[in-house]
Amino acid sequence: MTDLKKLIRPHLLALKPYSSARDEYSGTIGTFLDANENPYGSVISEKYNRYPDPHQYEIKKKLGKLKHISPTNIFIGNGSDEAIDLLIKAFCEPKKDAILLLPPTYGMYQVCADIQEVKTIYAPLTPEFEIDKDAIAKAITAKTKMIWICSPNNPSGNLVSTQLIEELLTEYPSKIIVIDEAYIDFTQQKSFIESLGKFKNLVIIQTFSKAWGMAGLRVGVCYAAEEIIAVLDKIKYPYNLNAFTQKKVLKALQHEDKKNKFVEKIIKNRIWLENKLTKLPNVTKIFPSDSNQLLVRFEDASAVFEYLLTKKVIVRDRTKVLLCDGCIRISVGTMEENKKLMKALKKFVRNDNVPTP
Ligand SMILES: *Cc1c(COP(=O)(O)O)cnc(C)c1O
């Protein structure tokens, strides 16, 4: 039912991508006089004079083993942001096609669509941040090429119903359904990766930026059908992942246990934080979180936000975001950081910082 050849932009199917020196000869042993590199080394002591593997094969092999999927189903990007950008470029004609967003959600889907002049239409989540299938059915048109779902969602932190996602995958086989699983490591829920064989219209995004603790390196991953990965590979910059990053990611992949320990700690801290926040008189709601963030509704959110800034505690003001009125998004920190936050919040309450009328 899903015909990817019809969904991918036609000119990209025909596109002849840049062929790098490393594409034309992929062996590792030889006398390399093909890429105009500096043969001596680098001006710093570590050597970066050779171009990196444009296809990041070693990483894909290792990651494939870890996720039980073939390297041909994996795209690695300069952050998930690259994957988001390329996916929109792969499927949507500017000024013609649209993507469907489920706000409140991660801001980059909107920005990448805006840059490409791709239209955005909306089917907001329910007030409890669950998928609203009726709203989706009403919003969707023939021009809608993709549905973007974030689960666990940012900024609300909750997992959305896997049942509803599966229904969407089945009911909309001619729409690409992207599930952004940036926070999947923080849940017990299995990734949708294992459903890739079942749904050709399914695309999954994950990242090394959160649980793995590698945000500074910029590594995001996209899992999808081979035809989709092939297009992303065609339209990316040839060397989108630099040599340093590739080395570090390979190293990171040997330490999944450490990632799991971080996750355990962060979840424990989140529960501690939830517990303390509940006791504050000006907190009216803490939304259930399956991630490393807490969306918290305060009676006086803007005053709280400003006060925290004066104490050099920086949280995210989400009060202007749809369905997040009165809400602040708090990233779970170390216990030391969380205690600092709670100390400041208690002080705010004690001082009875009522916003001046
Ligand atoms: C943090 C986050 C990402 C990560 O983006 P990177 O570019 O990989 O750092 C992706 N999606 C969501 C929803 C996020 O919150």
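I204 stands opposite Y223 in β7. That pair belongs to two strands, β6 (residues 202–207) and β7 (residues 220–224), which run antiparallel and share five bridges. Here, strands count as paired if DSSP finds at least two bridges between them. Helices (H or I, at least four residues) and strands (E, at least two) are DSSP runs, numbered from the N terminus.

A word on the model: it is predicted, so local features need pLDDT of at least 70 and side-chain atom pairs count only at pLDDT 80 or more, while totals for chains, interfaces and linings use all residues. Residues are numbered from 1 along each chain as its sequence is written, and side-chain values use heavy atoms, leaving out hydrogens and water.

Zooming out, β6 and β7 sit in an open sheet of seven strands with mixed pairing, in the order β1-β7-β6-β5-β4-β2-β3. At the edges you'll find β1 (74–77) and β3 (119–122), each pairing on one side only. Neighbouring strands are turned by 25 degrees against each other on average, direction ignored.

| Helix | Strands involved | Angle |
|---|---|---|
| α5 (residues 80–91) | β1, β2, β4, β5, β6 and β7 | about 160 degrees with β4 |
| α9 (residues 226–235) | β1, β5, β6 and β7 | about 140 degrees to β7 |

Axes are lines fitted to C-alpha atoms, for helices over the stretch in contact, and angles run from 0 to 180 degrees between N-to-C directions.

Finally, look at T245 in helix α10 (residues 243–252). T245 is buried (under 20% relative accessible area; exposed is over 50%, partly exposed in between; 1.4 Å probe, protein chains only), at 3%. Leaving aside neighbours within four places in sequence, T245 is in contact with L217, R218 and V219, contact meaning heavy atoms within 4.5 Å.
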